[in-house]
Each structure stands twice: as structure tokens, then as C-alpha cells.
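Colleague: I should like to go through this model with you. Could you begin with the term we shall need for contacts, and then take my questions in turn?

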Amino acid sequence: MTLTFHDSDGVTIRETDSEHLIDVGTRIKALRDSNKAASSEHGRAIQNINSDPALSDQGKKERIDELERDRDVQRKASIAAEKEIIKNKISEIERRLDGYVGYTSDNIMAFRDAQDRAENISDAEKAATVMARALRTNDRTLAHAVFRRAVEERWDDARRAFANENPTIAQLVGDIQKLNALHENSFNRAVAYM
């Protein structure tokens with residue numbers, strides 16, 4: 001199965017991707033397929049109304065207007081459902097990602113401190129240096145925080161260093177990035193539900 005969502009970020013979900021992405025892709029594909037069938041049925045219903053000799057022009061217009069209102073409600077519900085599928089999966093992955101840092105109050109405070117330190121990093125070279133030190137001293141909390149910052153800022157050296165040592169976490173972050181790109185693409189989502 002290859003699910004391709006044509007958008008500005010080129011989001012593609014393949015059968016070799018993570019179970020998170022496959023789940024979202026499968027659910028969105030089912031939703032869009034259902035919408036496509038509803039759209040075809042809508043077109044047939046309008047055609048039937050237009051070819052009904054028992055209806056006046058005003059009667060045809062009223063029936064078609066009612067169908068259009070119903071179809072608009074369907075479209076909006078489908079778009080909202082798709083966004084909800086993506087948003088819920090992002091939240092699920094983020095909770096899993098946060099579990100790598102820990103849930104105790106000490107873990108949470110340490111992570112907040114590490115996030116503050118990571119926020120103060122302003123360039124890729126400094127991020128790579130701090131990442132190398134954090135990995136060398138096994139400071140997982142700082143490495144995790146710097147990794148998240150490196151992903152946001154697209155600092156490749158720090159990101160790669162972390163990903164080499166922590167491929168599972170790197171995969172989760174990659175999934176979140178892909179889902180965020182898919183979630184933010186409202187134009188192509190609207191086109192899919194025409």
C-alpha cells in the first residue's frame with residue numbers, strides 16, 4: 001500500500017513506514033474513499049433532480065440547494081475528522097516520546113531545565129558541541145532537549161548525532177514532523193473533499 005498525499009511538503013506514507021503513519025494513512029484513505037463515493041452519489045442525485053420532468057425549475061433549485069447544504073455539512077465533518085485523526089496520533093506519539101524522558105517529578109524538572117538550556121542554543125555548531133557532550137556523558141535529558149531543538153531549527157549535525165544513538169526516538173520525531181506537515185495542509189485537504 002502506498003498512500004500519497006500531494007501537498008507542498010510532498011507527504012508520502014508507504015507500507016514500509018512506521019505503524020503510526022500507516023494507521024493514519026489507512027484511516028485517512030478510508031475517509032477520503034468514503035467521501036469520493038458520497039461525492040459521486042451527490043452528483044447522481046443532482047442529475048436525477050435535473051432530469052425529473054415532474055419538478056419545476058423552482059422545485060429543482062430548492063431540492064438541489066438542500067442537497068448542497070447537506071453535502072457541505074458532510075464535507076466539513078470529513079475534514080474535521082481527518083484533522084482529528086492526525087492530531088490524536090501526534091498527541092499519542094508525543095506522549096510516547098515524553099516517556100523516554102521519564103514521568104517522575106525529578107525527570108520533569110530535569111527536562112524543563114534541559115529545555116531551557118537547549119532554547120539558549122542559537123546555532124548549529126553550538127548544538128552539535130552540546131549534543132556530543134550530552135551523548136558522551138550519557139545526559140539523556142539534555143540530549144533529548146537539544147535533539148528536539150535541532151529538529152525544529154534543522155541543525156543536521158546535532159540531529160544526526162542523536163539519531164545515530166537513539167534511532168527509535170528519531171523515528172518518532174520524524175513521524176511527528178510528517179504528520180504535522182499533513183495536518184497543516186488545509187488546501188489539499190479541502191481539494192480532497194470536493
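Modeller: Contact means heavy atoms within 4.5 Å. Please note also that this is a predicted model.

Colleague: Which residues does histidine 144 touch, leaving out those up to four places away in sequence?

Modeller: With those residues not counted, histidine 144 touches Leu97, Tyr100, Val101, Phe111, Phe162 and Ile169. Histidine 144 itself is placed in helix α5.

Colleague: Is histidine 144 buried or exposed?

Modeller: Histidine 144 counts as buried, because its relative accessibility is 3% and buried means under 20%.

Colleague: And how many residues of α5 are buried?

Modeller: The helix is mostly covered, with 10 of its 14 residues buried. Among them are Thr141, Leu142, Ala143, Phe147 and Arg149.

Colleague: What covers the buried residues of α5?

Modeller: The cover includes α2 (57-99), α3 (105-119), α4 (124-136), α6 (156-165) and α7 (167-183).

Colleague: What span should α5 have, and how far apart are its end C-alpha atoms?

Modeller: Helix α5 runs over residues 140-153, and at 1.5 Å a residue its 14 residues should span 20 Å. Its end C-alpha atoms are 20 Å apart, so the two agree.

Colleague: What follows the helix?

Modeller: Arginine 154 follows α5, and its phi is positive, near 60°.

Colleague: Turning to aromatic pairs, how many does the structure hold?

Modeller: It holds 1 aromatic pair. The partners are phenylalanine 147 and phenylalanine 162, whose ring centres are 4.3 Å apart and whose planes are at 20°. The pair is therefore stacked, since planes under 30 degrees apart count as such.

Colleague: Which parts does that pair tie together?

Modeller: Phenylalanine 147 lies in helix α5 and phenylalanine 162 in helix α6, so the pair links parts that are 15 residues apart in sequence. Both phenylalanine 147 and phenylalanine 162 are buried.

Colleague: Now the largest pocket. What is its volume, and which residues lie nearest its centre?

Modeller: The volume of the largest pocket is about 360 Å³. Its lining has 17 residues, and Glu94, Arg148, Val151, Glu152 and Val173 lie nearest the centre.

Colleague: Where does the largest share of that lining come from?

Modeller: It comes from α5, with 5 residues. At least two residues of the lining are supplied by each of α2, α3, α5 and α7.

Colleague: What does the lining look like by class?

Modeller: The lining of the largest pocket has 7 nonpolar, 3 polar and 7 charged residues.

Colleague: Let us move to α2. Is lysine 89 buried or exposed?

Modeller: Lysine 89, which is found in helix α2, counts as buried because its relative accessibility is 8%. Apart from neighbours within four places in sequence, lysine 89 is in contact with His20, Asp23, Val24 and Leu179.

Colleague: What about aspartate 57: buried or exposed?

Modeller: Aspartate 57 has its place in helix α2 and is exposed, with a relative accessible area of 67%. Its C-alpha atom is separated by 41 Å from that of arginine 27, 30 residues apart along the chain.

Colleague: Lastly, how does glutamate 66 count in terms of accessibility?

Modeller: Glutamate 66, in helix α2, counts as partly exposed at 45% relative accessibility. From C-alpha to C-alpha, glutamate 66 and serine 56 are 15 Å apart in space, and they are 10 residues apart in sequence.

Conventions: Residues are numbered from 1 along each chain as its sequence is written. This is a predicted model: local features need pLDDT of at least 70, side-chain atom pairs count only at pLDDT 80 or more; totals for chains, interfaces and linings use all residues. Side-chain values use heavy atoms; hydrogens and water are left out. Helices (H or I, at least four residues) and strands (E, at least two) are DSSP runs, numbered from the N terminus. The expected span of a helix is 1.5 Å times one less than its number of residues. Buried means under 20% relative accessible area, exposed over 50%, partly exposed in between (1.4 Å probe, protein chains only). Rings of Phe, Tyr and Trp (its six-membered ring) pair if their centres lie within 6.5 Å; planes under 30 degrees apart count as stacked, over 60 as edge-to-face and the rest as tilted. On a 1 Å grid over the protein atoms alone, a cavity is a set of points where a 1.4 Å probe fits but cannot get out, and a pocket is an open set with protein on both sides within 12 Å along at least five of seven lines; lining residues have an atom within 4 Å of a point. Grid points are joined across faces, edges and corners, and a volume is the space filled by probe spheres set on the points. Ala, Val, Leu, Ile, Met, Phe, Trp, Tyr, Cys and Pro count as nonpolar, Asp, Glu, Lys and Arg as charged, and the others, Gly among them, as polar.
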